[in-house]
Amino acid sequence: MEAKLDQEPTIQSVEGWQIEPLLDEPEKKGLCRTFIFSEYRHAARFATMIADLADKVQHHPDILIKYKKVRIISLTHDQSKVTVKDTDIAVKINELYNSIS
């Protein structure tokens, strides 16, 4: 069964992700998770993999790299809220991370 975009996402089903205010727009909230790696190059490679995934699914979360950390913030910008698009890409990012760690 396919979810409709106007349905409320089920955040509890996305392991490791939380709803948090956006840094640059605190009145809006996004679906967020930070991934930690042993080396900077691994973090950068993971960010590139997420960018490729985002292009494939046509949904582009913010990707922040800080040394060995990659922070992902997903928000459906045209609706100014977290939607099923965000939870779907979060699940795919988790799968991607699990496949390389």
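**Figure 1. Aromatic pairs in the predicted model.** Two rings of Phe, Tyr or Trp (for Trp, the six-membered ring) are called a pair if their centres lie within 6.5 Å, and the pair is stacked when the planes are under 30 degrees apart, edge-to-face when over 60, and tilted for the rest. By this rule the count comes to six aromatic pairs. One of them joins F37 and F46, a tilted pair with 5.1 Å from centre to centre and 50° between the planes. Both F37 and F46 are buried, where buried means under 20% relative accessible area, exposed means over 50%, and partly exposed lies in between (1.4 Å probe, protein chains only). F46 also pairs with Y97: the ring centres are 5.7 Å apart and the planes stand at 70°, so this pair is edge-to-face. Because F46 lies in helix α1 (residues 40–57) and Y97 in helix α2 (residues 84–100), the pair ties together parts that are 51 residues apart in sequence. F46 has 0% relative accessibility and therefore counts as buried; Y97, at 17%, counts as buried too. One aromatic cluster is formed by W17, F35, F37, F46 and Y97.

**Figure 2. The whole chain.** This is a predicted model, in which local features need pLDDT of at least 70 and side-chain atom pairs count only at pLDDT 80 or more, while totals for chains, interfaces and linings use all residues. Residues are numbered from 1 along each chain as its sequence is written, and side-chain values use heavy atoms, with hydrogens and water left out. The protein chain holds two helices and four strands, which are DSSP runs numbered from the N terminus (helices: H or I, at least four residues; strands: E, at least two). Along the sequence their pattern is β-β-α-β-β-α. Of the 101 residues in the protein chain, 36% are buried. A contact means heavy atoms within 4.5 Å; among contacts in the protein chain between residues at least 6 apart in sequence, 60% join residues at least 24 apart. The accessible surface of the protein chain is about 6,600 Å², and carbon and sulfur atoms account for 50% of this surface. Accessible areas come from the Shrake-Rupley method with a 1.4 Å probe, and for residues only the protein chains shown count as cover.

**Figure 3. R33, a buried arginine in strand β2.** R33 is located in strand β2 (residues 29–36). R33 is buried yet has no salt bridge, a term for a side-chain nitrogen of Lys or Arg within 4 Å of a carboxyl oxygen of Asp or Glu. The nearest side chain of opposite charge is that of E15, 5.8 Å away; Lys and Arg count as positive and Asp and Glu as negative, whereas His and the chain ends are not counted. The side chain of R33 does make a polar contact with the side chain of N94, at 2.6 Å. A polar contact is a pair of N or O atoms within 3.5 Å; within protein, one must be able to donate a hydrogen and the other to accept it, and residues adjacent in sequence count only if both atoms are side-chain atoms. Apart from neighbours within four places in sequence, R33 is in contact with E15, G16, W17, V70, R71, I72, N94 and Y97.

**Figure 4. Salt bridges.** The structure holds three salt bridges. In one of them the side chains of R71 and E20 meet, at 2.3 Å from N to O. R71 lies in strand β4 and E20 in strand β1 (residues 18–21), so this pair ties together parts that are 51 residues apart in sequence. R71 is partly exposed, with a relative accessible area of 22%, and E20 is partly exposed with a value of 22%. The side chains of E25 and K28 form a salt bridge at 3.0 Å, N to O; E25 has 24% relative accessibility and so counts as partly exposed. E39 forms a salt bridge with R41, where the closest N and O atoms are 2.8 Å apart. E39 is partly exposed at 33% relative accessibility, and R41 is partly exposed at 47%.

**Figure 5. Two loop residues with positive phi.** Q58 is not a glycine, yet has a positive phi of about 60°. Q58 lies in the loop between α1 and β3 (62–66) and, at 58% relative accessibility, counts as exposed. Y67, also not a glycine, has a positive phi of about 55°. The loop that holds Y67 is between β3 and β4 (69–74), and Y67 is exposed, with a relative accessible area of 54%.
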